[in-house]
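Subject: A structure for you to look through

Dear colleague,

I am handing over the structure below, and I would ask you to open it beside this message and follow along residue by residue.

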Amino acid sequence: MTAQQNGTISIEVSDFLLNCFVRSPSWQLWLSLPLSLLFLLAMGANAILLITIRLETSLHEPMYYLLSFLSLLDIVLCLTVIPKVLVIFWFDLRSISFSACFLQMYIMNCFLAMESCTFMVMAYDRYVAICHPLRYPSIITDQFVTKAAIFILARNALMTLPIPILSARLYYCEDNVIENCICANMSVSRLSCDDVTINRLYQFAGGWTLLGSDLILIFLSYTLILRAVLRLKAEGAVTKALSTCGSHFILILFFSTILLVFVLTHVAKKKVSPDVPILLNVLHHVIPAALNPIVYGVRTQEIKQGIQRLLKKGW
C-alpha cells in the first residue's frame, strides 16, 4: 500500500518482521532448547498448582486464591510471548500482523502490571497475617480477594490501554523490521515516521507510576513485617513468621531484580550489546512463570501436601 507524505511517495507497511538477536544470531540455536523446556515447565507447574488449589478444599483460602490468580497471569504471559519466539527460532517465521503485534504489546504491558499489582496485594496479605493476626480472618476474606482482583484488572487494563493505541495511530513507512523477538512498545514505535515523544513519555510515566508505586508499597509492607517479626519473643515465632512470607519475598525480589537489570541494560546500552535487553525481556516472560509455582510448591507445606494427595488419588 502506498501513501503520500511530505510531497514524496512512501510505502505503508501492512505487517512487521521480528528480527531476533541481529548481532548474535547463534543465540537462537542454543536458546531454543532451554527456552522450550522452561516454557513446558511453566505451563505444567502452573497447571498443577491451579488444579491442586481447585480440587483441595483445604486450599480454598484467600492466600491461595491470590496465588491462583498469579498463576493465571503467568500462563497468559507465557502463551502470549514464548510460542511466537520459538516459531521464529525453529522455522524462521518472523512475520506478525499489525493487529497481532499491538495485541501482544497490550497483553504484555497489561499482564506484567497486573502481576506487579498481585505481588503488592500478596504483600499486604502477609502484612495483615503477621502484624494483625487476630484481625486477619475479618480483613482478608473472599470478598476482599474479589475486590482486589477487580481492582487489579480495572487499574492495569485501563492504564496500559493507551500504549498500543498510541503506537497503532502512528504512521509506519517502508521499514517494518522490529529488532526484537517481541512487539515491545518502543521497538515498534521507533519504526514510525512520526514523532514518538508522547509514546516514550507515557511508557516511562505509566511504567514508573504502576510498577514504581507497587514496589514502594511492597517494600513498605515487608519493612513493617520485619519490624513486627523482630519484636516477637515466643520461641520459634520468628522462624515461623519469616517462613510464611519467605516464598513471596523470594519471588518479588526476583521479579524486581530482573526488571532492574533490564532497565539498567537499556540505560547503559552503549556499553552492552543491544541483544542483551532483548534476551532479558524474553526470559522475564518465562523464568518467573516457571519459578513461581515451584517456589510455592516447595516452601508451602499445605500445597506440597495437596499435590501429594492428588498424586495418590491419581495412582
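Predicted model: local features only at pLDDT ≥ 70, side-chain atom pairs only at ≥ 80, totals over all residues.

The structure holds 3 disulfides, and if you number the bonded cysteines of the protein chain in sequence order, you will find the pairing 1-4, 2-5, 3-6.

Cys 20 counts as buried because its relative accessibility is 3%, and Cys 181 counts as buried because its value is 0%.

Another disulfide connects Cys 101 with Cys 183, at an S to S distance of 2.1 Å. This link is left-handed, with -120° about the S-S bond. It connects distant parts of the chain, for Cys 101 belongs to helix 3 whereas Cys 183 lies in the loop between strand 5 and helix 7, 82 residues apart. Both Cys 101 and Cys 183 are buried.

Cys 173 and Cys 193 also form a disulfide, with their sulfur atoms 1.5 Å apart. The torsion about the S-S bond of Cys 173 and Cys 193 is about -55°, so this disulfide is left-handed. Since Cys 173 is in the loop between helix 6 (162–168) and strand 5, and Cys 193 is in the loop between helix 7 and helix 8 (197–230), the pair ties together parts that are 20 residues apart in sequence. Is Cys 193 buried or exposed, or something in between? With 37% relative accessibility, Cys 193 counts as partly exposed, whereas Cys 173 is buried, at 10%.

Turning to the helices, the axes of helix 3 (residues 98–131) and helix 5 (residues 142–160) come within 9 Å and cross at roughly 145°, and the crossing is right-handed. Among the residues that meet there are Tyr 106, Met 114 and Tyr 124 in helix 3, and Phe 144, Phe 151 and Arg 155 in helix 5. By class, the contact of helix 3 with helix 5 has 14 nonpolar, 4 polar and 1 charged residues.

Note on methods
Residues numbered from 1 in each chain as written. Heavy atoms only, no water. Axes fitted to C-alpha atoms, helices over the stretch in contact; angles between N-to-C directions. Helix = DSSP H or I, 4+ residues; strand = E, 2+ residues; numbered from the N terminus. Left-handed = near helix turned anticlockwise from the far one by under 90°. Contact = heavy atoms within 4.5 Å. Nonpolar A, V, L, I, M, F, W, Y, C, P; charged D, E, K, R; others polar. Disulfide = S-S within 2.5 Å. Buried < 20%, exposed > 50% of the residue type's maximum accessible area, 1.4 Å probe, protein only.
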